[in-house]
Amino acid sequence: MKNNLWKIVALALLLSACKSAPTSPAKTEAASAEGASTKPAAAKAQSKDNSDKAAHAENVYAAYLSNRQIYFEYDKVTFRQEYQNLIAVHAKYLLSHPQTKILLQGHSDERGTAKYNYELGKRRAEAVKNAFSDHGVKKAQLVTISYGNQQASQDCADEECHKRDRRVDISYGMK
């Protein structure tokens, strides 16, 4: 019995601590009006937040689309994982614009024979083409060409210079 009495007293104290202050009908109406007026403001803030996020997403999308080079390591035809998002964004664009074609231009640095560098540039362009195909882009939208070392920087004295030449360029505007 004593145990039950203590439970009841504890429950009563707990409930009284949680009870809100009594309000008059006038205060309740004012609070309702205030709540109604803050709802549109909250909706506007949410809408602005959503539009800011959409604008940011559009800026990121545009930034990826403006980046049109995929770089390779020395004597390699596989590109680094960091370029997967770039390819995915361009693939998304191509999927939503099925009439658009792109030219994938393979390049190499000046080291090696002209024939070897031509083949290396070709294999690099094909590797990027396959990555686009893996994302569902139709092969008819993808054209490859190799320039080998024909457009390599002349008089490259260091590795930083050579890195810029080992790439595939993505070029829009193919007919």
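**Contacts, core and a buried histidine**

Author: In this predicted model, 76% of the contacts between residues at least 6 apart in sequence join residues at least 24 apart.

Reader: What makes a pair of residues count as a contact here?

Author: Contact means heavy atoms within 4.5 Å. Phenylalanine 132, for example, touches residues including Ile87, His90, Leu104 and Ile170, with residues up to four places away in sequence not counted.

Reader: Why is histidine 162 called buried?

Author: Its relative accessibility is 6%. Buried means under 20%, so histidine 162 counts as buried. Histidine 162 is found in helix α5, residues 159-165. Leaving aside neighbours within four places in sequence, histidine 162 is in contact with Asp109, Glu110, Arg111 and Cys156.

Reader: How much of the protein counts as buried?

Author: Of the 175 residues, 27% do. The protein exposes about 11,800 Å², and carbon and sulfur atoms supply 57% of that area.

Reader: What makes a set of residues a nonpolar core?

Author: The members must be buried, come from a list of residue types that includes Ile, Leu, Val and Phe, and be joined through side-chain atoms within 4.5 Å. The largest such core has 22 residues. Among those with the most contacts inside it are Ile70, Phe79 and Phe132.

Reader: Which elements give two or more residues to this core?

Author: They are α2 (25-66), α3 (84-96), β2 (101-107), α4 (114-134) and β4 (167-174). Helix α3 gives the most, with five residues.

Reader: In what order do the elements of the protein run?

Author: From the N terminus on, the order is α-α-β-α-β-α-β-α-β, which comes to five helices and four strands.

Key
Residues numbered from 1 in each chain as written. Predicted model: local features only at pLDDT ≥ 70, side-chain atom pairs only at ≥ 80, totals over all residues. Heavy atoms only, no water. Buried < 20%, exposed > 50% of the residue type's maximum accessible area, 1.4 Å probe, protein only. Areas by Shrake-Rupley, 256 points an atom, 1.4 Å probe, with all protein chains shown as cover.
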